[in-house]
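Keep the viewer open as you read.

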Amino acid sequence: MPEVEAFDPPVDSLLAGLSDIPGIYLDCFKLIAPFPYTLQDLVLAFYTTPLFKAERTVLRFTARRLSTDAEALALASGHTDRFAIWKVEDRRTNEILLGESSGRTKSWLGVAAIANGTELMFGSAVLPVKGRDGQPTLGPVFHTLLGAHKVYSRALLAAAGRGITQASAG
């Protein structure tokens, strides 16, 4: 499978719609999968990978939010708007935007049909807070963790890509 690449969010996407917020951080990654896939396929693969299940375990103990594969399926199929610490803020046929319970971070998943398969996309948004000077800031913790966040985001999308293609092969 091809490598995960960083790119600008699609112009008309829910993620790009957040770009007007002063001081916001946005990132977006994509991976080309060799077959046609739906948003439901991506959401289910993403939230049920072994890597994300590790995050779900951490959230179970730190945020006291249990989440299951059945709940991931319910989210993927549109039967619920909540999953672990996230709530669906908006959803379209080919994309979903989830906000985490603090309101500062958002996760976005999207799919786009292309000639040789499907673009699988994952992005994040971090909303700023007002700094001491009154200006929007993301804060020192964000800047310290940014490198790890990017590595983790790429790993999550790569894992979802592997999971989605294995599911279609089996």
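## Nonpolar cores

In this predicted model, the largest nonpolar core holds 32 residues. Within that core, Tyr47 and Leu109 have the most contacts. Helix H1 (residues 39-47) supplies the largest share of the core, 6 residues. There is also a second, separate core of 10 residues, with Leu15, Leu18, Cys28 and Leu97 among them.

## Helix H3 and its cover

Which residues of helix H3 (residues 69-76) are buried? They are Ala72, Leu75 and Ala76. Looking down the axis of H3, you will find these buried residues within an arc of 95 degrees, so they line one face of the helix.

The cover over the buried residues of H3 includes H1, E3, E4 and strand E5 (95-100). After H3 comes Gly78, with a positive phi near 85 degrees.

## A backbone angle to check

Ala84 sits in the loop between strand E3 (82-83) and strand E4 (86-92). Its phi is near 50 degrees, a positive value in a residue other than glycine. For context, most residues other than glycine have a negative phi.

Is Ala84 buried or exposed? Ala84 has 14% relative accessibility, and the cut-off for buried is under 20%, so Ala84 counts as buried.

Note on methods
Residues numbered from 1 in each chain as written. Predicted model: local features only at pLDDT ≥ 70, side-chain atom pairs only at ≥ 80, totals over all residues. Heavy atoms only, no water. Core = buried A, V, L, I, M, F, W, Y, C linked by side-chain atoms within 4.5 Å. Buried < 20%, exposed > 50% of the residue type's maximum accessible area, 1.4 Å probe, protein only. Helix = DSSP H or I, 4+ residues; strand = E, 2+ residues; numbered from the N terminus. Arc of directions from axis to C-beta. Contact = heavy atoms within 4.5 Å.
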